[in-house]
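Open the model in your viewer and keep the selection tool at hand. The stops below say what to select next and what is there.

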Amino acid sequence: MEKFTTLTSRAIPLDIANVDTDQIIPARFLKATDKKGFGNNVFRDWRYNKEGSENTAFALNNKNYYGSILVAGDNFGCGSSREHAAWALVDYGFRVIVSSFFADIFKGNALNNGLLPVQVTAPFLNELLNTIKNNPDTKIIVNLELQTISAGDKSESFDIDSYKKTCMINGYDDIDYLLSKKTEIEAFENALG
C-alpha cells in the first residue's frame, strides 16, 4: 500500500445518501479477481446512460470537479460486503472518502486497501458539500496523523482505529505490519526458551 500522512486535494461532491456497493461497482463487473481495472466501471450505471453515452449530469463526469477525495452523502458503502467496491474506488484514483456514516464492512475493506474513510458530522458534511459545489477549486486537507479534515476555515476531527492508522501511515498491509514487528516477535520467542 501507498503511505498516507497528509493529502491536499480538490474533491468531487456526490451528494447522494445510501450509496450501496452495487452502485459503486455493479455486480456484472465482478468477474475478475485482480484489483486492476475496476475503476473503469466505478458508478457505471450513474456515469453512463443506458445507450452508453456519458451522463454529463453525474458529478464524476462534471469537468469542474476532480481530485482524489470523494465527498459523499450519509451511509456510504452499505449493501453487500464486496471488497471490489473499495478496489474500484482506489483504482479510479480516490484516496479518501468523506461521509457522515460508513457501513462497517465497507470501512474495513477501504482501510485494508489504502482508502481512508473519513467520518464527519452531518452538519460538517453538508457544509463541505455546499462549499465544493459553490467553489469547485476548494482544496481539502486530510491530515491522518492529526486526524483532521479541513477546507478553508472549517475543520473537524475524525476517528480511526489506531492499528489501521499505523498501517496507513507506514503503507503496511497486515503482513507488512507483522514483518515490521519481526525483531520484537523473535525476542519474545527467544525469551520463552
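Helices (H or I, at least four residues) and strands (E, at least two) are DSSP runs, numbered from the N terminus. A pocket is found on a 1 Å grid over the protein atoms alone, using points where a 1.4 Å probe fits: it is an open set with protein on both sides within 12 Å along at least five of seven lines, and its lining residues have an atom within 4 Å of a point. This is a predicted model, in which local features need pLDDT of at least 70 and side-chain atom pairs count only at pLDDT 80 or more, while totals for chains, interfaces and linings use all residues. Residues are numbered from 1 along each chain as its sequence is written, and side-chain values use heavy atoms, with hydrogens and water left out.

**Stop 1: the largest pocket**

Select helix H3, residues 84–92, which gives the most to the lining of the largest pocket, with four residues. The volume of this pocket is about 320 Å³, where a volume is the space filled by probe spheres set on the grid points, and points are joined across faces, edges and corners. Next select Met1, Lys35, Val90, Asn113 and Gly114, which are the closest to the pocket centre of the 15 lining residues. By class the lining has seven charged, five nonpolar and three polar residues. Here Ala, Val, Leu, Ile, Met, Phe, Trp, Tyr, Cys and Pro count as nonpolar, Asp, Glu, Lys and Arg as charged, and the others, Gly among them, as polar.

**Stop 2: helices H3 and H4**

Stay on H3 and colour its buried residues: His84, Ala85, Ala86, Trp87, Ala88 and Leu89. Buried means under 20% relative accessible area, exposed over 50%, and partly exposed in between (1.4 Å probe, protein chains only). These buried residues of H3 pack against H1, strand E3 (69–72), strand E4 (96–99) and H4; contact means heavy atoms within 4.5 Å. After H3 comes Gly93, with a positive phi near 125 degrees.

Move to helix H4 (residues 104–112), where Phe106, Asn109, Ala110 and Leu111 are buried. The buried residues of H4 pack against H1, H3, strand E5 (116–119) and H6. Gly114 follows H4 and has a positive phi, near 80 degrees; Gly114 is also one of the residues closest to the centre of the largest pocket.

**Stop 3: the strands**

Select E3 and E4, which pair in the parallel sense over three bridges. Two strands pair if DSSP finds at least two bridges between them. Val71 stands opposite Val98 in E4. In a regular strand the side chains alternate between the two faces of the sheet. In E4, Val96 and Val98 point one way, Ile97 and Ser99 point the other way, and all are buried.

Now show strand E1 (residues 6–9) with strand E6 (residues 140–143): they are antiparallel and pair over four bridges. Leu7 is opposite Val142 in E6. E6 is also joined by four bridges to strand E7 (residues 148–151), and these two run antiparallel. Asn143 is opposite Thr148 in E7. E6 and E7 form a hairpin with four residues between them, and Gln147 in the turn has a positive phi of about 60 degrees.

**Stop 4: the nonpolar core**

Which residues touch the most other members of the largest nonpolar core? They are Phe43, Phe76, Leu89 and Leu116, out of 52 residues. Such a core is a set of buried Ala, Val, Leu, Ile, Met, Phe, Trp, Tyr and Cys residues joined through side-chain atoms within 4.5 Å. Helix H5 (residues 122–134) gives the largest share of this core, five residues.

Ile160 lies in the loop between strand E8 (154–157) and helix H6 (162–170), and at 17% relative accessibility it counts as buried. Leaving aside neighbours within four places in sequence, Ile160 is in contact with Leu111, Leu116, Leu144, Gln147 and Lys165. The C-alpha atoms of Ile160 and Val118 are separated by 8.2 Å, although these residues are 42 residues apart along the chain.

Met168 is in helix H6 and is buried, with a relative accessible area of 1%.

**Stop 5: two loop residues**

Finish with Phe43, in the loop between H1 and helix H2 (44–47). Phe43 is not a glycine, yet has a positive phi of about 50 degrees; its relative accessible area is 0%, so it is buried. Then select Asn18, in the loop between strand E2 (11–14) and helix H1 (21–24). The phi of Asn18 is also positive, near 60 degrees, but Asn18 counts as partly exposed, at 44% relative accessibility.
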